[in-house]
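Biologist: Before we discuss side-chain contacts, could you put the model up, so that each label can be set against its criterion?

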Amino acid sequence: MWETIKVSLEGTWILFKDGLLLGAGLPIIFALGVRLWAGRENVAADGTVTEHPSNTGTKILAWLCFAVVLLAVIAGIEIIVAAGMGKEVSFEHIFPTIVEKS
């Protein structure tokens with residue numbers, strides 16, 4: 001009985017971790033990139049707005065966030081295409097590659 005509970009909890013943890021990463025993690029990374037790109041504004045007591053555009057460092061971080069999201073989307077599309085061709089995606093190398101099912 002305890003073995004069954006252990007296996008169930010391990011499966012639940014994997015599902016939770018992957019769902020958090022792909023379900024909420026990618027939108028959070030994208031939102032962080034948008035926020036870094038936007039810079040910031042200060043509103044004074046009299047209603048005047050002072051804009052502070054983002055500097056080069058924060059724009060580089062924003063592009064890095066966008067690149068991570070884009071690579072995840074490309075990998076997801078590759079997995080879907082591979083499954084449609086009756087193959088699978090291997091992550092043995094740096095880049096995911098489509099290989100025959102084992």
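Modeller: Here it is, and please keep in mind that this is a predicted model. A search of the whole structure finds one salt bridge, formed by Lys87 and Glu100.

Biologist: Why is the contact of Lys87 with Glu100 called a salt bridge?

Modeller: The closest N and O atoms of Lys87 and Glu100 are 3.3 Å apart, and because the cut-off is within 4 Å, the pair qualifies as a salt bridge. Lys87 belongs to strand β3 (residues 87–90) and Glu100 to strand β4 (residues 97–100), so the pair ties together parts that are 13 residues apart in sequence.

Biologist: What makes Glu100 count as exposed or buried?

Modeller: Its relative accessibility is 55%, and since exposed means over 50%, Glu100 counts as exposed. Lys87, at 27%, counts as partly exposed, because that class lies between 20% and 50%.

Biologist: Turning to the rings, why is the pair of Phe30 and Phe66 called tilted?

Modeller: The search finds four aromatic pairs, among them Phe30 with Phe66, whose planes stand at 50 degrees with 5.4 Å centre to centre. Phe30 lies in helix α1 (residues 2–38) and Phe66 in helix α2 (residues 56–84), so the pair ties together parts that are 36 residues apart in sequence.

Key
Residues numbered from 1 in each chain as written. Predicted model: local features only at pLDDT ≥ 70, side-chain atom pairs only at ≥ 80, totals over all residues. Heavy atoms only, no water. Salt bridge = Lys/Arg side-chain N within 4 Å of Asp/Glu carboxyl O. Helix = DSSP H or I, 4+ residues; strand = E, 2+ residues; numbered from the N terminus. Buried < 20%, exposed > 50% of the residue type's maximum accessible area, 1.4 Å probe, protein only. Phe/Tyr/Trp six-rings, centres within 6.5 Å; stacked < 30°, edge-to-face > 60°.
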